[in-house]
Amino acid sequence: MMMSRSLFSDHSDAPPSPPAEAAASELSGPHWVARFPTSQRLEDLIEPFRTNVGRFIAALQAAGASVRISATYRPPERAYLMHYAKKLADGRLRAAEVPPMAGVPIEWVHATEAASRQAAAAMVRAYGIVYAPALRSRHTEGRAIDMTIDHAIGKTVETGDGSAVRVASLRVLHRVGASYGVIKLLSDPPHWSDDGH
Ligand SMILES: [Zn+2]
């Protein structure tokens with residue numbers, strides 16, 4: 001236990017040992033949510049999706065639509081934290097059973113299982129998690145974008161093959177995206193990816 005070890009060293013006469021860089025771990029809790037942030041930059045996507053989605057957005061903006069990007073690349077470390085926080089909060093796993101991840105020095109085990117679960121639940125709330133997040137997704141692969149597109153309906157937009165299409169409906173907007181290799185996932189309003197997943 002971290003706590004008892006640090007109490008012990010406070011009371012011993014031995015000189016303090018230098019901090020162990022990789023070994024020092026920090027208890028789980030909502031302060032983890034600010035770490036490993038999700039990117040909102042196109043530059044963090046992989047090719048060819050990065051170029052394709054950039055062209056799609058440029059065409060939308062040229063037509064007078066507005067585009068607000070909320071998420072592109074999600075670091076796998078963030079997916080790990082979200083995934084296991086949700087599992088622990090739901091009681092589907094005990095804190096001691098969470099596998100470690102290299103580069104994420106989090107201590108999931110608190111003094112009691114209830115405390116571990118409470119800390120995980122606080123993380124779930126801070127992340128705004130609704131559905132259990134996958135460890136791997138198109139976002140962790142740099143192949144997805146979440147964006148809100150406004151004022152596109154009724155505008156004439158250039159498609160990926162250079163023709164012009166009047167966006168009469170969302171269905172048409174989705175076809176325009178597909179012409180750039182940016183595929184809509186219908187069940188997730190802001191989400192587009194290179195294969196619709
Ligand atoms: Zn998404």
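Me: Which protein donors hold the zinc ion, and how far from it do they lie?
Reply: This is a predicted model, where local features need pLDDT of at least 70, side-chain atom pairs count only at pLDDT 80 or more, and totals for chains, interfaces and linings use all residues. Residues are numbered from 1 along each chain as its sequence is written, and side-chain values use heavy atoms, with hydrogens and water left out. Donors are N, O and S atoms within 2.8 Å of the metal (3.2 Å for Na, K and Ca); water is not among the atoms, so sites may look incomplete. The protein donors here are His139 (NE2), Asp146 (OD) and His191 (ND1), and they lie 2.0 Å from the zinc ion.

Me: What spacing do the donors of the zinc ion follow along the chain?
Reply: The donors include His139, Asp146 and His191. Read along the chain, their spacing is H-x6-D-x44-H.

Me: Is Asp146 buried or exposed?
Reply: Buried means under 20% relative accessible area, exposed over 50%, partly exposed in between (1.4 Å probe, protein chains only). His139 has 7%, so His139 is buried. Asp146 has a relative accessible area of 15%, so Asp146 is buried.

Me: How many residues apart in sequence are the parts that Phe56 and Tyr180 tie together?
Reply: Rings of Phe, Tyr and Trp (its six-membered ring) pair if their centres lie within 6.5 Å; planes under 30 degrees apart count as stacked, over 60 as edge-to-face and the rest as tilted. The structure holds 4 aromatic pairs, and one of them, Phe56 with Tyr180, is tilted at 5.7 Å centre to centre and 35 degrees between the planes. Helices (H or I, at least four residues) and strands (E, at least two) are DSSP runs, numbered from the N terminus. Phe56 lies in helix α2 (residues 49–62) and Tyr180 in the loop between α5 (170–179) and β7 (183–184), so the parts tied together are 124 residues apart.

Me: How many residues apart are Arg138 and Asp195, the pair that links distant parts of the chain?
Reply: A salt bridge is a side-chain nitrogen of Lys or Arg within 4 Å of a carboxyl oxygen of Asp or Glu. Arg138 and Asp195 meet in one at 2.8 Å, N to O. Arg138 is in the loop between α4 (113–127) and β4 (144–150), Asp195 in the segment after β8 (191–193), and they are 57 residues apart.
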